[in-house]
Amino acid sequence: MKAVYVEEQQVRVGELEVPKIGAKDVLVRIKAAGLNRRDLYTPKRLAKDAAPLILGSDAAGIIEAVGDEVTRVQAGDAVIVNPSLRWYDESAVPPDDFEILSLPDHGTFAEFLAISEEQVEIKPAQLSFVEAATIGIAPLTGYRAVVTKGQVKAGDTVFIPGAGSGVATFMIPLAKSLGARVIVSSRSAEKRQAALELGADMALANDADWKQELADETVDVVIESVGRATFNRSLAVLKRGGTLVVFGATTEDMVDFDLRTFFYAQQTLKGSTLGSRDEFRAMLQWIEAQNMHPVIDRTYSLDEAAAALKYLEINEQFGKLVFEVNN
C-alpha cells in the first residue's frame, strides 16, 4: 500500500505492507486523512534507526475487514477514526496508557489502517470523507477546551487568539451555538474576514492593542494555543475571575507571568489536551445536530506530502488540510 512515513527522521512516500488485524481490530480503507501540526514534530521525535512509522492521526474511510471478535461495526461501514487512544470515559486527566495515534503506532497517511474497533465511530451522513477526515484532533481538542474545561455558556464572551487554525475554525461555531459572543485574532486580514464570515463577532489584528480594543468587552474565557507570543496579552484582557484554557503552544513553550496580578484577579488557568471518547461522541452529536461542516483549506494526494507539510509549516491555511486517498 502507498503510505507517507518517517524513516531515518525523513518523511518519505512509498510502499509498505498492508497491516494485519487482530481479533478485536478493524481494517479501514482510508478515503481521506487530515493533517495536524503534530505531523511536523513526529519525525524528530524518532531515533534515526527507528523502524518506518506512518504519520497521521486523523482519517475517515470504509471498513474493509473485521476481526473475529468485532461487534461494534461491520465491513462496509463508513467510519471516522478517533485518534485519542484508550481514553474512553470523560475524566480530569487521561489514563496512564493514553496515547495519540501515530506515535508509537502507525498512523493514517496510508491506504489502509489497522486499529481497535473501540477507536472508530460511524461517520455522520452529512459529511463527505474529506470533511470527516478532519473530525479528530482539532475538533476533539476544541470541544474539550470550550465545553469541558472552559464551561462556556450563553452570554459569555470568548476570546480565541489564532483564528485560522483547524481548532479555531471549529471552536468559533461551537461557542456561537452555545450562545457566546466570540472574539478572535489573527495577523492576516484575510483570516480575520474569514473568521467573521464563520460567525465570529469581532476580529482583532495580532499587532493591535488588545486591551484598548477590548476596553468595552468583558472576556469571560480565553482559549489559548499560541504560547509565549500571546499568553500574557491574553491574560491581560481576561476579566477578574475569568478562565484561561491552554491546549497548545505554536510559538515558544516557556512563558513568564506576574503571579501577584494573576492571584489578585482570582483568575483560573486550565490545561487541556485532546479528549475522551465520551467527548468525541458528544462532539459528533453536536456536528449532526448543527448540520456542521468543517472548514477545508485545501486537499492533496499522498504523493504531494512534501508540499502539504510545507504549507502546514508556514501556517498560512484557514481551516484544515487533507490528503485524499483511495478515490
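Predicted model: local features only at pLDDT ≥ 70, side-chain atom pairs only at ≥ 80, totals over all residues.

Trainee: OK, and how do strand 3 and strand 5 run, and over how many bridges do they pair?

Mentor: They pair in the antiparallel sense, over 6 bridges. Strand 3 covers residues 25-34, and strand 5 covers residues 60-66.

Trainee: What does strand 9 do with strand 3?

Mentor: Strand 9, residues 112-116, is joined to strand 3 by 5 bridges, and the two run antiparallel.

Trainee: Is strand 3 mostly covered or mostly open?

Mentor: Mostly covered, with 8 of its 10 residues buried.

Trainee: Switching topic: how many residues are in the largest nonpolar core?

Mentor: That core has 43 residues. Ile-160, Phe-170, Val-184, Ile-223, Met-283 and Ile-287 have the most contacts inside it.

Trainee: Which elements supply at least two residues each?

Mentor: Three helices do: helix 3 (137-149), helix 4 (166-177) and helix 9 (277-290). Strand 11 (157-161), strand 12 (181-186) and strand 14 (219-224) do as well. Helix 4 gives the largest share, 7 residues.

Trainee: What does Ile-223 touch, leaving out residues up to four places away in sequence?

Mentor: Its contacts include Ala-145 and Val-146, then Val-158, Phe-159, Ile-160 and Pro-161. Met-171, Val-245 and Phe-247 are also on the list.

Trainee: What other core lies apart from that one?

Mentor: There's another one of 40 residues, and Leu-46, Ile-54, Val-70 and Ala-308 are among them.

Trainee: Back to helix 4. At what angle does its axis cross that of helix 9?

Mentor: Roughly 75 degrees, and the axes come within 12 Å. An angle from 65 to 115 degrees counts as roughly perpendicular, so helix 4 is roughly perpendicular to helix 9.

Trainee: Which residues meet there?

Mentor: From helix 4 you have Phe-170, Pro-173, Leu-174 and Ser-177. Helix 9 brings Met-283, Trp-286, Ile-287 and Gln-290.

Trainee: How many of those are nonpolar, polar or charged?

Mentor: The contact has 6 nonpolar and 2 polar residues, with no charged ones.

Terms used: Residues numbered from 1 in each chain as written. Heavy atoms only, no water. Buried < 20%, exposed > 50% of the residue type's maximum accessible area, 1.4 Å probe, protein only. Helix = DSSP H or I, 4+ residues; strand = E, 2+ residues; numbered from the N terminus. Pairing = 2+ DSSP bridges. Core = buried A, V, L, I, M, F, W, Y, C linked by side-chain atoms within 4.5 Å. Contact = heavy atoms within 4.5 Å. Axes fitted to C-alpha atoms, helices over the stretch in contact; angles between N-to-C directions. Parallel < 35°, antiparallel > 145°, perpendicular 65-115°, else oblique. Nonpolar A, V, L, I, M, F, W, Y, C, P; charged D, E, K, R; others polar.
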